[in-house]
Amino acid sequence: SDGKVCALDAADGHKVWEFPTGDKIWSTPTIDGDVLYIGSFDKNLYALDATDGSKKWEFRTEGAIVSTPLVYNNLVYVGSFDRHLYAVKATDGSPVWKFMAENWFWARPVAYNNAIYAGCLDGKVYILNAESGKELVDSIDLGSPIASSPVLVGDKVVIATEEGKLYTIDTGSNTKELLADFEVKVYAPLCTSDGLVYIHTQEGALYEVNGQTGARKSLPLGSK
């Protein structure tokens, strides 16, 4: 919240470098090679040298950035509170395209087979050509804001809505299917491993969900 990106030594925790932005940071850093990408409430997307924290470039939008950047095929994709999803070149931050939705982009998008799947607070998932930003098909309306970042399980996008519904989107047919309904709010990003999806609800519970069948179990938190 002090607007600084800090790098700590993994062995002993001492601070190696810090980089100040112009406002608070809610975005999670993305590291690709030796470059760190991070958004700020100052409306900028920054590319930093991960070894020393020096700035390589910055790209300015018209709104705060809380979305975690996605790096895919030498482009960086990031959403902004100006209702746009941006694609910029990873090398120098020059703009490639932008796409406008009906509300803020909060969740990190995912990429599969040259398509970008971007959830939005307008409740829709936009499926865009990764190179041009053009819509490949009509958006998929999930009926509730999407703040939670989705994950890929095989060839399916698994995505949670604010109201607690977990959907899969088949990347072949671009059709949705309800996988699970937690009936509580979900904002936290999803995680996946070995075909399982982990979801942390606003009530503080952690669940493991089978990305194919929807079978779920509750995982204990706070145990010794």
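Lys185 is partly exposed, with a relative accessible area of 41%; partly exposed lies between buried (under 20% relative accessible area) and exposed (over 50%), using a 1.4 Å probe and protein chains only. The model is predicted, so local features need pLDDT of at least 70 and side-chain atom pairs count only at pLDDT 80 or more, while totals for chains, interfaces and linings use all residues. Residues are numbered from 1 along each chain as its sequence is written, and side-chain values use heavy atoms, with hydrogens and water left out.

The structure holds 8 salt bridges, each defined as a side-chain nitrogen of Lys or Arg within 4 Å of a carboxyl oxygen of Asp or Glu. Among them are the following.

| Pair | N to O distance |
|---|---|
| Glu18 and Lys4 | 3.4 Å |
| Glu162 and Lys185 | 3.5 Å |
| Glu208 and Lys217 | 3.7 Å |

Salt bridges that share partners join Lys4, Lys15 and Glu18 into one network. Glu162 counts as buried at 19% relative accessibility, and Glu208 is buried at 14%, whereas Lys217 is partly exposed at 47%.

The largest nonpolar core, with 17 residues, has Tyr77, Phe105 and Ile116 as the residues with the most contacts inside it. Such a core is a set of buried Ala, Val, Leu, Ile, Met, Phe, Trp, Tyr and Cys residues joined through side-chain atoms within 4.5 Å. Apart from it lies another core of 16 residues, including Val151 and Phe182. Beyond its neighbours within four places in sequence, Phe105 is in contact (heavy atoms within 4.5 Å) with residues including Ser67, Phe99 and Tyr126.
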